[in-house]
Amino acid sequence: MSYEAYNTFANAVQTEMQQLNYEQQLGILTIVVSVMNQRKRQSIPMSREEKMALFDEFTGCIKCDKQIDCKNEYLEYLDERYGN
């Protein structure tokens, strides 16, 4: 599933969840956590485009020393995590 699909899904859930009671919200969150855990087990690597989209979204939020290349560090972290 692409970044855009995750983002669309998260926005839809956020909007719809406010209309549900706590028991219904818990049921949906249980399903979401289960799917996320399945995704972790499958360890499907993210494409470079998805990695860059995430990096672009977080640009400006990460503060570090000028000696550190944030973009390179982030890509290396994603490579290690998702095996790309």
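## Basis of the model

The model is predicted, and local features need pLDDT of at least 70, side-chain atom pairs count only at pLDDT 80 or more, and totals for chains, interfaces and linings use all residues. Residues are numbered from 1 along each chain as its sequence is written, and side-chain values use heavy atoms, with hydrogens and water left out.

## Helix α1

Helix α1 covers residues 3-17. Helices here are DSSP runs of H or I with at least four residues, numbered from the N terminus. With 15 residues at 1.5 Å a residue, α1 should span 21 Å, and its end C-alpha atoms are 21 Å apart, which agrees. The expected span is 1.5 Å times one less than the number of residues.

The buried residues of α1 are Tyr-3, Val-13 and Met-17. Seen down the helix axis, the buried residues of α1 fall within an arc of 95°, so they line one face; the arc is that of the directions from the axis to the C-beta atoms. Glu-4 and Thr-8, on the other side of α1, are exposed. Buried means under 20% relative accessible area, exposed means over 50%, and partly exposed lies in between (1.4 Å probe, protein chains only).

## Helix α2

Helix α2 spans residues 22-42 and contains Gln-25. Because its relative accessibility is 19%, Gln-25 counts as buried. Leaving aside residues up to four places away in sequence, Gln-25 touches Met-17, Gln-18 and Leu-20; contact means heavy atoms within 4.5 Å.

Leu-29 is also placed in α2. Its relative accessibility is 43%, so Leu-29 counts as partly exposed. Leu-29 and Val-13 are 16 residues apart in sequence, and their C-alpha atoms are 9.4 Å apart in space.

Glu-50 is located in helix α3, residues 48-58. Glu-50 has a relative accessible area of 16% and is buried. A polar atom of the Glu-50 side chain lies 2.9 Å from the backbone nitrogen of Ser-47.

The largest nonpolar core has 6 residues: Tyr-3, Met-46, Leu-54, Phe-55, Tyr-74 and Leu-78. Such a core is a set of buried Ala, Val, Leu, Ile, Met, Phe, Trp, Tyr and Cys residues joined through side-chain atoms within 4.5 Å. At least two residues of this core come from each of α3 and α4 (70-82). Phe-55, one of the core residues, touches Cys-70, Lys-71 and Tyr-74, not counting residues up to four places away in sequence.

Terms used
Polar contact = N/O pair within 3.5 Å; in protein donor to acceptor, adjacent residues only side chain to side chain.
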